[in-house]
Every structure is written in C-alpha cells, then in structure tokens.
Amino acid sequence: MKKVITIIVFTAMAWSLVARDFSPLPPSVGFTENKGQVRDQNANPRPDISHLFFDPAGLKVHLRKTGFSYESWKLLN
C-alpha cells in the first residue's frame, strides 16, 4: 500500500509540474487530510475519502482505503 501511495504522490507532483510549464508550485499544493471539507455534488460529506490532492492548474486526486480517483482539466486562456 505504501508503494501505491508513493507512486500516486510522485505522479501527482510530476503532473503539477508539467501542467504548470515548470513554474514553481504554490505552498497550498499537496495532499491534505479530509476533515469533512470534501463533499459530493449534493453537499453531503465524503468520509470514505481520506486525503485530497488539489492543484489549481488542473488536477485533483482523492485517496480512499480501497483505491483512488482523479479529475483533470485544462484551463482555457
């Protein structure tokens, strides 16, 4: 499990660098523990999500005990 999390963290950070054209990452980028702030589209809490990675350049990763999911998007200029 630790190997999987390490790979996810490395991939997320690498994606952030590529998506930002190698600009420095803001201090807010990284995994944060879900303490009730992650909610679904109906504003219900998501206790199944343990950690959230968010990069405003276009990447979200949700970590769960059973796996992970991600969202990516491209910002239009």
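**Figure 1. Overview of the chain.** The chain has one helix and four strands, where helices (H or I, at least four residues) and strands (E, at least two) are DSSP runs numbered from the N terminus. The model is predicted, and local features need pLDDT of at least 70, side-chain atom pairs count only at pLDDT 80 or more, and totals for chains, interfaces and linings use all residues. Residues are numbered from 1 along each chain as its sequence is written, and side-chain values use heavy atoms, with hydrogens and water left out. From the N terminus on, the order of the elements is α-β-β-β-β. Of the 77 residues in the chain, 22% are buried; buried means under 20% relative accessible area, exposed over 50%, and partly exposed in between (1.4 Å probe, protein chains only). The chain exposes about 5,900 Å², of which carbon and sulfur atoms supply 62%; accessible areas come from the Shrake-Rupley method with a 1.4 Å probe, and for residues only the protein chains shown count as cover. Among contacts (heavy atoms within 4.5 Å) with a separation of 6 or more, 28% are between residues 24 or more positions apart.

**Figure 2. The hairpin of strand 3 and strand 4.** Strand 3 (residues 59-64) and strand 4 (residues 67-72) run antiparallel and are joined by six bridges; two strands pair if DSSP finds at least two bridges between them. Two residues lie between these strands in the hairpin. Val61 has Tyr70 of strand 4 as its bridge partner. His62 is also found in strand 3 and counts as buried because its relative accessibility is 11%. Apart from its neighbours within four places in sequence, His62 is in contact with Val38, Ile49, His51, Leu52, Gly67, Phe68, Ser69 and Glu71.

**Figure 3. The largest nonpolar core.** Ile8, Phe53, Leu59, Val61 and Leu63 make up the largest nonpolar core, which has five residues. Strand 3 gives the largest share of this core, three residues. Such a core is a set of buried Ala, Val, Leu, Ile, Met, Phe, Trp, Tyr and Cys residues joined through side-chain atoms within 4.5 Å.

Figure 4. Met1, Val4, Ile5 and Val9 make a nonpolar surface patch of about 330 Å². Patches are made of residues with over 30% relative accessible area and no salt bridge, with like charges joined within 9 Å and nonpolar side chains (Val, Leu, Ile, Met, Phe, Trp, Tyr) within 5 Å. Met1 lies in the segment before helix 1 and counts as exposed because its relative accessibility is 61%. Ile5 belongs to helix 1 (residues 2-19) and, at 35% relative accessibility, is partly exposed. Between Ile5 and Leu63, 58 residues apart in sequence, the C-alpha to C-alpha distance is 8.5 Å.

Figure 5. Two salt bridges are found in a search of the whole structure, each being a side-chain nitrogen of Lys or Arg within 4 Å of a carboxyl oxygen of Asp or Glu. Arg46 pairs with Asp48 in a salt bridge whose closest N and O atoms are 2.8 Å apart. Asp48 also forms a salt bridge with Arg64, with the closest N and O atoms 3.2 Å apart. This pair links distant parts of the chain, 16 residues apart: Asp48 is in the loop between strand 1 (30-33) and strand 2 (49-55), and Arg64 is in strand 3. Arg46 is partly exposed, with a relative accessible area of 25%, and Asp48 is partly exposed at 36%.
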